[in-house]
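Hi,

Here is the structure I promised to pass on.

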Amino acid sequence: MRGNVIDLAVGVIIGGAFGKIVTSLVNDIIMPPIGMILGGVNFKDLKISLDPSYSGDPATEPLIRYGQFINVMLDFLIVAFCIFLLVKGINALRRLKEKEEPKAEAAPTEKDCPYCLSKVPIKASRCKHCTSQLEETPANA
């Protein structure tokens, strides 16, 4: 149980750090060239004002910040793609391991009674159906 909790904690910490790396990648490396190609647009500044006549505090102005939403969606797509690749790789390794380890056949637990042809436990000396004395087999010896 402790190992699972520690694994989960490590996963959460690494996931948070990975999220910050992806956010920086999107905001600092991917979006500036895209904004430059689109005419010097900063995606963080893209917004729609819901009240054009608003004259109050700019911090409380009602806005739809669709540029920031585009950044967050790109963050999500990158993280989702990386998780997809990770899960696909783990599944491929699991399938490879299963192919390497052939499954051993289970030892038989029953045998046929030569008199009534019913199934009886392999270690039985008499048939439970017809009560016949069964021959000694290598499994019984």
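This is a predicted model: local features need pLDDT of at least 70, side-chain atom pairs count only at pLDDT 80 or more; totals for chains, interfaces and linings use all residues.

Residues are numbered from 1 along each chain as its sequence is written, and side-chain values use heavy atoms, without hydrogens and water.

As for the overall form, the C-alpha atoms fill a box of roughly 100 × 30 × 30 Å along the principal axes. The radius of gyration is 34 Å, whereas a compact globule of 141 residues would have one near 14 Å (taken over C-alpha atoms; the globule rule is 2.2 Å times the number of residues to the power 0.38). Of the 141 residues, 16% are buried (under 20% relative accessible area; exposed is over 50%, and partly exposed is in between, with a 1.4 Å probe and protein chains only).

There are two helices and four strands, in the order α-β-β-α-β-β from the N terminus (DSSP runs numbered from the N terminus: H or I of at least four residues for helices, E of at least two for strands).

Now the inside. The largest nonpolar core has six residues: Val22, Val26, Met31, Phe43, Leu46 and Ile78 (buried Ala, Val, Leu, Ile, Met, Phe, Trp, Tyr and Cys joined through side-chain atoms within 4.5 Å). Helix 1 (residues 2-37) gives the largest share of this core, three residues. Another core, of five residues, lies apart from it and includes Cys113, Val120, Cys127 and Leu134. Back at Ile78, and leaving aside neighbours within four places in sequence, its contacts are Val22, Leu25, Val26 and Ile30 (heavy atoms within 4.5 Å).

Leu117, in the loop between strand 3 and strand 4 (119-121), has a positive phi of about 60° and is exposed at 64% relative accessibility. Thr131, in the segment after strand 4, also has a positive phi of about 60°, and its relative accessible area of 51% makes it exposed.

Finally, Lys103 sits in the loop between helix 2 (66-100) and strand 3 (110-112). Lys103 counts as exposed because its relative accessible area is 81%. Its C-alpha atom is 43 Å from that of Ile21, 82 residues away along the chain.

Cheers
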